[in-house]
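Here's a quick briefing to read alongside the sequence and the 3D view. Have the picture open and follow along as you go.

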Amino acid sequence: MPPKTKKIDAEAAEQALECARIARNRAQKSISDILNIARLSMNDPAKREQLASSVKRLDNLFSRFQAEQSVIINSLVTVGRSDEYDEIESPVTDSVEAIVDEIYEIFDRTSNAPVAIQPVPIRQSFSALPKIELPSFDGSVTNWCAFRDTFKSLVHEDSNIDNVHKFNFLSQSLTGSALSVIKSIPLSAANYNVAWAALTDRFENKRLLATAHLDKLFAFKPIA
């Protein structure tokens, strides 16, 4: 690619990054405003009707926030600044997730109609995060099959969870050598399948699995 074309692409990515951050921050502020209403509603019943109305907008605001975060991640990768995600963008995502969860928790607690608590389907993936008992995998070959089957059942094959959030679930499920396999892959919808394939290629090794299980069998002490 000619240098001029690269410069144009980099400039376009920088512009997209700036625009996405502005739109992301606007959505973040609107979500924070709903949190303020939710906290006030705990001691002021008059605010509960306002909270119920605001919660109806919450899923759209959260989806808008997620969409802009994806644009930000892709722009950072394009301009070669993907390390900024962990330093700057990831804490923002964590903060907004916590805010959204707190809003729903307060709304659940203060609502007089538990059956109608959620006016729309549960927030995809991020809202489901506390609801799912995620399996854990530390890289032990003998535990891979159990982890793989459980994760696929709970997350990987769930069409209601988009790939950005599946990637988030996967990252939270892994520790040790398993986490190191995907640690360098930027978090994005497009990269979820890349991360899952990398993990599968590393541990879906029949020879390694057979050897590990045999070693475990031979490690048993003879019964006296």
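First, a term you'll need: a residue is buried if its relative accessible area is under 20%, exposed if it is over 50%, and partly exposed in between (1.4 Å probe, protein chains only). Buried residues make up 38% of the 224 residues in this chain. This is a predicted model, where local features need pLDDT of at least 70 and side-chain atom pairs count only at pLDDT 80 or more, while totals for chains, interfaces and linings use all residues. Residues are numbered from 1 along each chain as its sequence is written, and side-chain values use heavy atoms, with hydrogens and water left out.

**The overall layout**

- The chain has eight helices and zero strands; helices (H or I, at least four residues) and strands (E, at least two) are DSSP runs, numbered from the N terminus.
- Read along the sequence, that gives the pattern α-α-α-α-α-α-α-α.
- Contact means heavy atoms within 4.5 Å. Of the contacts in the chain with a separation of 6 or more, 68% are between residues 24 or more positions apart.

**H2 against H3**

- H2 (46-78) and H3 (83-110) have axes that come within 11 Å and cross at roughly 165°. Axes here are lines fitted to C-alpha atoms, for helices over the stretch in contact, and angles run from 0 to 180 degrees between N-to-C directions.
- That angle makes H2 roughly antiparallel to H3. The naming goes like this: under 35 degrees is roughly parallel, over 145 roughly antiparallel, 65 to 115 roughly perpendicular, and the rest oblique.
- H2 passes H3 in a left-handed crossing. A crossing is left-handed if the near helix is turned anticlockwise from the far one by less than a right angle, and right-handed if clockwise.
- Among the residues that meet here are Leu51, Val55, Phe62 and Ile73 in H2, and Val92, Val96, Val100 and Phe107 in H3.
- By class, this contact of H2 with H3 has 16 nonpolar, three polar and five charged residues. Ala, Val, Leu, Ile, Met, Phe, Trp, Tyr, Cys and Pro count as nonpolar, Asp, Glu, Lys and Arg as charged, and the others, Gly among them, as polar.

**H5, the enclosed helix**

- Eight of the 11 residues of H5 are buried, so H5 is largely enclosed by the rest of the structure.
- The buried ones are Val164, His165, Lys166, Phe167, Asn168, Phe169, Leu170 and Ser173.
- What do the buried residues of H5 pack against? Their partners are H2, H3, H4 (144-156), H6 (176-182) and H7.
- H5 (residues 163-173) and H7 (residues 189-203) pack at an angle of about 40°, with axes 7 Å apart. The two are therefore oblique to each other, and their crossing is left-handed.
- On the H5 side, the contact includes Val164, Phe167 and Leu170, and on the H7 side Tyr192, Trp196 and Leu199 are among the residues taking part.
- The residues of this contact of H5 with H7 divide into eight nonpolar, three polar and one charged.

**H4 against H7**

- The axes of H4 and H7 come within 11 Å and cross at roughly 160°, and that makes H4 roughly antiparallel to H7.
- H4 passes H7 in a left-handed crossing.
- From H4, the contact uses Trp144, Phe147, Arg148, Phe151, Lys152 and His156, and from H7, Tyr192, Trp196, Leu199, Thr200 and Phe203.
- By class, the contact of H4 with H7 has seven nonpolar, two polar and two charged residues.

- Leu35 sits in helix H1 (residues 3-41). Is Leu35 buried or exposed? Leu35 is buried, with a relative accessible area of 6%.
- Leu35 touches Ile99, Glu102 and Ile103, not counting residues up to four places away in sequence. The C-alpha atoms of Leu35 and Tyr104 are separated by 9.2 Å, though these residues are 69 apart along the chain.
- Val141 lies in the loop between H3 and H4 and counts as buried at 18% relative accessibility.

**Cysteines**

- Cys19 counts as exposed at 52% relative accessibility, whereas Cys145 is partly exposed, with a relative accessible area of 27%.
- With a disulfide taken as a pair of cysteine sulfur atoms within 2.5 Å, the count comes to zero disulfides.
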